Amino acid sequence: MKKIRHLPFFLLALLPMVATAQADQNLINNAKQGDLAAMVRLGECYEWGAGVAHDSTQALYWFKKAAEMGDGEAWIRLSKYFLTGTGVPKDTARYLSIRTEWAEKELPNALAALGSAYEFGYGIDKDSIKALELYQQAAKKGSEWGNCRMGMLYMTSRLGIKEDKKKALSYLKKAAQGGDVNAPYFIAAYYANNNDAQEAWKWTREGMKWNEPNAITIAAQMYFNGLGVDADEAKALQMLESLIDEHHNLNYSQNLTGAFFLEALPNLRDTAKALQIWRQGDSLGFADCQASLADFYTRAQEFDKALAYFRKIL
C-alpha cells in the first residue's frame, strides 16, 4: 500500500477566515426577506460554492447588502475585498478602518480579523504581541475565527506560544462547532499525520461540506491511499482536478495532482497530464510544482531543463 504523504498545515494567512453554512432554499428565502444573518451566510455560501455555484459577484452583493443595513459581520467579510481589490477598488486603508471600527465595538470576529492584520502586516506594521492579544480576546468571546487562529498558534508554535497539541485541538474543535470552515481541515490534517484514519476521515467530511479546498485535498489523498475509505484512485484524481478547474489553484493541491497522475495505477497513469498540471503550476509561480518538474527532468537525465527549474526555486 502506498503511504500517505505528509499533510502540511497551511498558514491561515493563505486562507480567508470565514464561518459558513450550506445554502438551501430556506436560507435564500430568509436572505431575500432581509434576515441579516441569512444574508451573510448566503454570501459565504456563494464565496465557497457551498450548496450553490461559486460566485464571487453574488457573495459581494450579499455582503454589501447586509453591510449597508449595519451588520458588523457583513462589514468584516466585506473588508477583505477592499484588501484584495476583488470586485471593488483596492483600498487597504478602508480595509483596516473597517476592522478597527468593529473591533473597537468588541465584535468577536472583528477582534480576530484585526488580529490577522497585525500578525501578517496587512495595511499596518506587524505586531505579534497585539495580534496575540486580539486573538485571545476574540476566542474568549466565542469567536470561531479567534478559536481557529489560537488553535493554529498552539499547533505550529507561533507568536511566542509553545506548541501544545491538546490545547490546539480544543480550540480548533470549538472553532469547528462555531461553524469555522477552516478548522475541520486542520483537525483532519492533525489526525492524518498521526495515523488516525477514522478521525481524519470524519473531520475531512466536515470540511468537504463547505467545499473547502484543503479538505478536498486530504480526501483525495485518503481515497488514493485507501485510508479510512476504500481505495479509489479515479475518484481521487477527479477530486483534485476539480479544484484546479474551480480555480482553487493551491500550490500543494496542484503539485499533488501531478504527482498522483505519475503514481496512479497503469490505467490512470498519465505522464503528459502530470507535466501539463505542473507546468500550469509553474506559470502561477508555485514552487512545489517547479520542484517536481526539476526532479522529473533530473530523473529523465534532461539536465538543462532540470537546472532551469532548480534556478526558479533557489
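Modeller: Buried here means under 20% relative accessible area and exposed means over 50%, with partly exposed in between, all with a 1.4 Å probe and protein chains only. The model is predicted, so local features need a pLDDT of at least 70 and side-chain atom pairs count only at pLDDT 80 or more, whereas totals for chains, interfaces and linings use all residues. Residues are numbered from 1 along each chain as its sequence is written, and side-chain values use heavy atoms, leaving out hydrogens and water.

Helices are DSSP runs of H or I with at least four residues, strands being runs of E with at least two, and the numbering starts from the N terminus. H3 covers residues 56–68; with its 13 residues, H3 reaches 18 Å from the first C-alpha to the last, close to the 18 Å expected at 1.5 Å a residue, where the expected span is 1.5 Å times one less than the number of residues.

The buried residues of H3 are Ala59, Leu60, Trp62, Phe63, Ala66 and Ala67. Seen down the axis of H3, these residues fall within an arc of 165°, so they line one face of the helix; the arc is that of the directions from the helix axis to the C-beta atoms. On the other side of H3, Thr57 and Glu68 are exposed. The cover over the buried residues of H3 includes H1, H2 and H4, contact meaning heavy atoms within 4.5 Å.

At the start of H3, a side-chain oxygen of Asp55 comes to within 3.0 Å of the backbone nitrogen of Thr57. A polar contact is a pair of N or O atoms within 3.5 Å; within protein, one atom must be able to donate a hydrogen and the other to accept it, and residues adjacent in sequence count only if both atoms are side-chain atoms. After H3 comes Gly70, whose phi is positive, near 90°.

Among the helices that cover H3 is H1, which spans residues 25–32 and has Leu27, Ile28 and Ala31 as its buried residues. Down the axis of H1 these buried residues lie within an arc of 100°, so they too line one face of their helix. They pack against H2 (36–48) as well as H3. H1 is followed by Gly34, whose phi is positive, near 95°.

Side chains of opposite charge can pair when their charged atoms come close. The side chains of Glu73 and Arg77 meet in a salt bridge at 2.6 Å, N to O, a salt bridge being a side-chain nitrogen of Lys or Arg within 4 Å of a carboxyl oxygen of Asp or Glu. Because Glu73 and Arg77 are four residues apart in H4 (residues 72–84), about one helical turn separates them. Glu73 has 21% relative accessibility and therefore counts as partly exposed, while Arg77, at 4%, counts as buried.
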